[in-house]
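Here are my notes for a colleague who is new to this structure. Please read them with the model open beside you.

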Amino acid sequence: MDFYIQVLISGLLLGGIYALISIGLNLIFGVVRILNFAHGELVMLAMYGTFWLYKLYDLDPYLSLVVVLPAMFLFGVVLQRFILQPVLTTSGVMKMFTTVGISILMQNLALILWKGDFRAVQTFYSMSTIKFSGLIISIPRLVAFGAALLSIILLYLFLKYTYVGKALRAIVEDHATARLMGITVERHYLLAFGLGALFSALGGTLMMPFSSVYPTIGGPFTALAFVIVVLGGLGSMGGTFLAGLFIGVIEAFAGTFVSPGLKEAIYFVIFLLVLMVRPQGLFGMGRGTEEIGLK
Amino acid sequence: MKKLAMLAAACICLMQISVTGVFAEEKTIQIGALYPISGNLALMGEESWRGAEIARILRNRQGGVAGKQIVFRQGDASTNSAARSETERMIEQDKVKAILGTYASSRCMVASEVAARKDIFYFELGAIANAITQRGYKTVWRTCPTSLDFCRGQVNFIINWLAPTLGKKANEIKVGIAHEDGEYGTSVANSFATLAKKTGLQIVSVEAYSNTSNDLSSVIFRLRKAAPDIVVAVSSSQDAILLSRQANELGLNIPIMGTGGGHSFQSFADGLGPQANGVLNVDFTQYHVNTKYTPGLEEFVKLYQETFKHFPRAGSSLANFMGANVIFNILEKTGGSFDPEKIRKVAMAMDIQPGHTATGWGVKFDKEGQNVRAECLVTQWRDGKLVTVWPKKFAVMEPILVK
Amino acid sequence: MKKYTLWIAGGLGALLLLLVPLYFKSTFVLHIYTLTFFYIGLTAAWNIMAYGGNLSLGHASFFAIGAYVGALLYVKLGISPWIGLTGAVAASFVGGMILSMPLIRLRGPFFTLATIAFTEVLRLIAIDWRDLTHGSAGLNIPFDLGWLNLTFKSGAPFYYIALALAVGSVWLSRWVRYSALGYHLRAAASDDQAAEALGVDFNLVQITALLISATLTAVLGLFYAFYSYVLEPATLFSFELFSLQPALNAIIGGMGTVWGPVIGAVFMTPLGEFLRFYLGTIQQGLNYVVYGIILIMTVRFFPGGILSLLTPLGVRFKRWIGDTGDNQ
Amino acid sequence: MLNLKGIDCFYGDFQVLRDLSLKVEAGQIVALLGPNAAGKSSTLAAISGALPYTKGEINFCEKPIKGIKPEKVVDLGIALVPEGRKLFQTLTVRENLELGAYSRHAREKRGKTLQQVYELFPVLKDRSSQTAGSLSGGEQQMCAIGRGLMAQPRLLMIDEMSLGLSPILAKQMFTMVQEIAAIGITIFLVEQQVHHTMRVADYTYIIEKGHITMSGPTKEIAANEHVKKTYLGM
């Protein structure tokens with residue numbers, strides 16, 4: 001029994017990180033309606049930021065958030081303003097390919113600037129664990145999980161109770177009508193992209209104590225985040241969180257009891273099944289999704 | 001209309017430029033150097049290339065081969081398809097008569113196939129798949145160990161050191177394998193399983209995982225259940241760190257033995273810190289080794305540091321250095337000629353005993369073109385350094401058992 | 001009169017292409033041509049789905065299905081790849097049917113995501129199913145010369161095979177475009193509801209396009225496998241090489257048109273080789289940086305692709321190929 | 001107040017508006033009537049800046065508003081209640097109303113305006129914390145109009161208000177419109193529902209195939225034989 005609980009804990013902790021990265025994507029996907037193929041690269045960039053702050057200035061990964069988060073927010077805003085905004089009126093396909101271009105560009109710039117080495121941060125708490133009644137929990141993973149939970153709650157409150165948050169929700173649902181209300185949609189796109197980058201950066205930085213970074217690390221995160229966002233439902237932060245945990249747990253159990261090599265395949269199959277049976281997402285609102293491809 | 005004409009002209013130019021290379025000069029020896037220097041394998045590919053490059057620089061300083069300077073025509077085998085294109089290009093456009101490379105086995109399989117069908121020499125200095133020299137081509141040679149040699153190194157160590165240390169007989173030793181499911185991990189794991197069966201080791205668990213995975217807890221759980229005496233890990237890069245970290249997080253108290261790749265990288269120790277201590281590894285010759293048996297190693301490291309401004313990142317550059325030197329020696333003896341018969345004769349006649357090259361490997365090619373005197377050494381991470389611990393003559397420290 | 005002379009020009013062009021292997025002895029040149037032909041075929045096949053406004057980023061799956069089925073039948077059972085073709089077509093047909101189950105209800109980004117997920121699943125299975133595919137270690141096509149085995153010493157036979165495949169694919173994609181199916185697809189692309197109001201069964205149209213596109217891709221995959229003699233999941237299921245690249249070619253050439261994909265492939269394939277050679281060896285990754293910039297710039301400044309730059313000529317070109325009305 | 005002069009407007013290759021001219025005088029209720037697909041919604045889209053027009057000009061309070069983006073048109077004091085309500089279904093009624101007051105001049109006073117809207121439509125106050133999607137058709141229409149009022153417009157344009165409402169409800173809504181006009185807000189009604197519209201409108205335009213075919217004080221229009229036959233079914 002303990003064994004199953006241990007696997008479950010592992011999956012939940014992993015799912016927290018996944019959720020964190022995915023809410024960033026959900027904001028971008030939901031608000032700006034761009035299929036952001038460069039999402040994993042945002043995570044990658046944040047991880048490198050954390051690494052270099054640690055390496056050059058001996059800054060602890062958690063402290064480096066102070067620098068990395070604003071920087072990544074700004075990066076997201078710039079990306080949206082100068083690269084994506086100009087193609088916003090073209091078809092979805094074109095927007096998507098712009099992000100593919102950004103992804104290729106960022107990956108290879110990282111390769112040129114920082115080489116292919118995998119880099120890790122070594123902190124005193126990297127390996128620290130909590131042990132009780134035969135269960136082991138990694139502290140940095142727990143911290144990441146807590147941060148994920150906290151930031152999802154904060155984001156929820158922000159969307160629920162602030163005026164800007166309400167405007168963002170309105171845009172998720174119907175940006176044309178939001179415009180009729182006088183909502184400056186483009187400016188909110190900037191905000192959404194910035195926040196999306198910020199949450200991805202948070203996920204990336206919190207992973208650094210127990211993970212390593214290299215130029216091509218982003219790809220799998222992009223795919224994963226898409227799966228989670230679709231499962232959780234567009235525009236639904238709670239749904240994304242649950243879907244993140246769900247995928248984390250599925251991955252842990254499938255990996256442990258089926259085969260570690262097939263764990264990704266299993267969640268992709270679930271993804272396809274969900275698209276087949278309930279395309280509006282397992283937990284989600286799925287409202288306003290008709291426009292971007294769900295019937 | 002003007003736009004179109006310009007576009008068409010540009011297209012044609014592009015075709016032309018990509019098709020017409022710069023022709024080789026007579027006064028130099030042109031060799032193709034094919035490595036994956038972009039894409040997923042870029043890191044080790046580039047490190048491997050550096051080894052060959054150092055060998056070239058050194059040899060040119062000493063007067064080159066048969067009085068001619070050596071020039072590398074570089075190719076980027078970033079994908080299998082690129083490996084093929086680049087091989088064709090180097091042969092047809094750059095007119096190279098021999099190619100060295102490749103680090104990754106699948107790239108080598110493609111590239112050497114192209115080269116062999118055109119009777120162009122292919123010298124493999126770093127890829128380890130057994131099949132490379134088993135296809136019956138007379139122009140494909142390999143100076144480095146095969147994946148079977150890797151596993152031989154591991155199995156010898158397990159039987160001759162681990163078993164006595166644990167107070168067990170060889171056939172009581174249980175081994176768990178965790179390998180990345182790429183071509184490297186799969187072929188090494190297959191070799192290990194084959195060899196282990198012959199020697200009576202028990203394999204209790206074989207876990208394949210994707211090297212892009214960001215969580216290996218399931219691998220750890222499965223290994224924990226199987227409870228082996230040692231985990232043989234075949235990791236390509238960051239997954240080596242991840243495996244060790246999660247083993248530690250999740251209380252897998254079993255010694256881990258890497259198989260080159262990610263376990264040989266300095267980043268492994270940098271990332272893990274003290275936790276890296278005691279992790280075993282089997283690989284090409286590394287830098288902390290009994291230099292009596294590796295003449296030329298210190299010179300290599302010195303020149304590497306001068307050229308690239310830091311300590312070599314892994315032993316694969318050294319292996320490529322050694323291999324490139326063997327090729328230069330062969331060409332020296334043929335007087336710079338690429339005549340197949342001459343090269344074959346010279347190569348087959350080569351007979352260097354172990355302990356006389358920079359990697360400590362001897363040189364003796366078998367009929368298939370494989371250097372049978374290449375061997376893998378067991379190393380161990382000790383205080384951030386990858387120290388050779390086995391076999392004894394190469395060792396600079398005694399191995400220790402860290403769970 | 002004018003049309004007559006243009007036909008002659010076209011014929012001369014075709015003849016020149018046929019003569020290329022006689023003139024160029026270099027297999028490298030032939031290889032670049034061959035590769036370009038493969039990509040013309042792949043892009044044209046991919047484009048058939050794009051007529052309906054649907055963007056697949058999972059065509060590597062069909063490519064790999066064709067390659068694996070053909071190669072496995074040959075390596076394991078000794079069945080000639082020419083007969084194996086039927087197997088490849090059948091397998092990709094089944095694959096297309098399976099994929100169309102989730103796809104029926106999806107459009108836009110979700111459609112694309114589903115195709116990616118489908119490919120990932122197949123890729124992971126191919127890696128895991130080692131008894132059959134030898135996993136990542138890969139399968140080799142043995143070097144047994146002969147037409148029946150699709151194994152040759154010179155580059156010329158594959159040059160002609162690839163040329164024929166390219167011509168065939170473009171012809172098929174053109175045929176589809178101007179058939180009732182193509183008309184329905186384009187109606188569906190421009191406005192679903194209007195199309196459905198016209199009595200077009202959108203699902204049926206979409207699935208038919210998918211199946212044609214999938215089987216064509218599989219056929220190309222089979223020949224590519226024998227051309228490249230090593231099969232491994234990392235290459236055949238490669239997102240960059242066989243899912244993304246055809247889409248890129250089509251977009252850069254002009255998506256949803258007959259000739260855009262051809263122009264895109266003819267432009268991009270040598271460019272990729274050229275960039276890798278001239279930039280990749282100067283600084284690792286530099287070629288892809290340039291590649292990424294080209295992509296971003298194309299979308300931004302020429303969203304209609306290269307073909308849209310050629311519009312003035314395009315009209316004349318259309319007249320030349322005997323195409324009336326119906327601009328793109 | 002609002003003045004459209006010779007508007008030509010295309011939807012792709014298809015011309016939706018031909019040389020369209022109309023005027024909305026301050027303080028009036030003006031109606032634009034016409035059959036399906038006559039160009040009614042396109043006219044509104046052109047005014048609100050969502051649909052560019054190739055010829056002609058639109059003036060609001062004597063100032064040209066061509067090229068002003070939809071989100072800025074609201075700031076001028078023009079609010080549109082779109083066809084089909086277009087409420088933000090997952091947001092609450094209150095949130096919907098609040099968002100109506102997004103434009104700068106309206107935002108400061110949104111608390112006060114909200115009270116006014118609640119007075120006008122008491123049912124919205126009761127439903128304020130429900131999601132807009134859970135409202136009935138009539139309530140949704142009230143919410144949509146309320147949302148338009150939240151922008152503190154000088155001109156309120158309502159597209160197909162009666163669509164999908166029961167005759168009794170529709171009648172109530174038109175009475176509401178009169179109440180709103182009484183506060184001093186100019187109203188531009190775009191309708192297919194002729195009877196009720198003519199009951200409340202001061203001035204009426206008839207649009208057919210993208211062109212104004214008839215206009216005049218509502219009473220005159222109602223007396224017109226052609227209108228009687230085709231629109232009033234008499």
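1. Start with polar contacts between chain C and chain A. This is a predicted model. With both residues at pLDDT 80 or more, the count between chain C and chain A is one residue pair in polar contact. The elements that give two or more residues to the side of chain C that touches chain A are α4 (81-103), α5 (108-128), α9 (192-197), α12 (239-253) and α14 (286-301) of chain C. The most comes from α5(C), with 14 residues. By class, this side of chain C has 30 nonpolar, six polar and seven charged residues.

2. Between chain C and chain A the count is zero.

3. How many residues of chain C are in contact with chain A? There are 43, and they are in contact with 42 residues of chain A. Of the four pairs of chains in contact, chains A and C share the most contacts.

4. Now the area. The size of an interface is often given as the accessible area lost when the parts come together. Between them, chain C and chain A bury about 3,800 Å². Carbon and sulfur atoms hold 79% of that area. Within chain C, the residues that lose the most area to chain A are C:Arg105, C:Phe110 and C:Leu113. Together these three account for 18% of what the chain C side buries.

5. Turn to chains A and D. Here 22 residues of chain A are in contact with 23 residues of chain D. The two chains bury about 2,100 Å² between them, with 62% of it on carbon and sulfur atoms. On the chain A side, A:Tyr163, A:Leu180 and A:Met181 supply 37% of the area buried against chain D. That is more than any other three residues.

6. Which charged side chains meet between A and D? D:Glu98 and A:Lys166 meet in a salt bridge, at 2.6 Å from N to O. The count between chain A and chain D is three salt bridges. There are also nine residue pairs in polar contact between chain A and chain D, both residues of each pair at pLDDT 80 or more.

7. Which elements of chain A face chain D? Those that give two or more residues to the side touching chain D are α6 (163-173), α7 (175-180) and α8 (185-207) of chain A. The largest share is six residues, from α6(A). By class, the chain A residues on this side divide into nine nonpolar, four polar and nine charged.

8. Some chains stay apart. Chain B and chain D do not touch, and their nearest C-alpha atoms are 26 Å apart. No contact joins chain C and chain D either. Their closest C-alpha atoms lie 12 Å apart.

9. Look next at B:Glu88. Helix α3 (residues 80-92) of chain B holds this residue. Is B:Glu88 buried or exposed? It counts as buried, because its relative accessibility is 4% and the cut-off for buried is under 20%. Leaving out residues up to four places away in sequence, B:Glu88 touches B:Gln93, B:Val114 and B:Lys118 in chain B. From chain C, B:Glu88 touches C:Thr27, C:Phe28 and C:His31.

10. Check the backbone too. Most residues other than glycine have a negative phi, and most peptide bonds are trans. Two residues have a positive phi here. A:Arg33 has phi near 60°. It lies in the loop between α1 (2-32) and α2 (39-57) of chain A. A:Arg33 is buried, with a relative accessible area of 9%. B:Ala66 has phi near 50°. It is found in the loop between α2 (42-61) and β2 (69-76) of chain B. B:Ala66 is partly exposed, at a relative accessible area of 31%.

11. Finally, cis peptide bonds in chain B. One joins B:Gly101 and B:Thr102, with omega about 0°. B:Thr102 is found in the loop between β3 (98-101) and α4 (105-117) of chain B. Another joins B:Trp390 and B:Pro391, with omega about -5°. B:Pro391 lies in the segment after β12 (385-390) of chain B.

Conventions: Residues are numbered from 1 along each chain as its sequence is written. Chains are lettered from A and ligands numbered from 1 in the order in which they are written. This is a predicted model: local features need pLDDT of at least 70, side-chain atom pairs count only at pLDDT 80 or more; totals for chains, interfaces and linings use all residues. Side-chain values use heavy atoms; hydrogens and water are left out. Contact means heavy atoms within 4.5 Å. Buried area is the accessible area (1.4 Å probe) that two parts lose on being put together, summed over both. A salt bridge is a side-chain nitrogen of Lys or Arg within 4 Å of a carboxyl oxygen of Asp or Glu. A polar contact is a pair of N or O atoms within 3.5 Å; within protein, one must be able to donate a hydrogen and the other to accept it, and residues adjacent in sequence count only if both atoms are side-chain atoms. Helices (H or I, at least four residues) and strands (E, at least two) are DSSP runs, numbered from the N terminus. Ala, Val, Leu, Ile, Met, Phe, Trp, Tyr, Cys and Pro count as nonpolar, Asp, Glu, Lys and Arg as charged, and the others, Gly among them, as polar. Buried means under 20% relative accessible area, exposed over 50%, partly exposed in between (1.4 Å probe, protein chains only).
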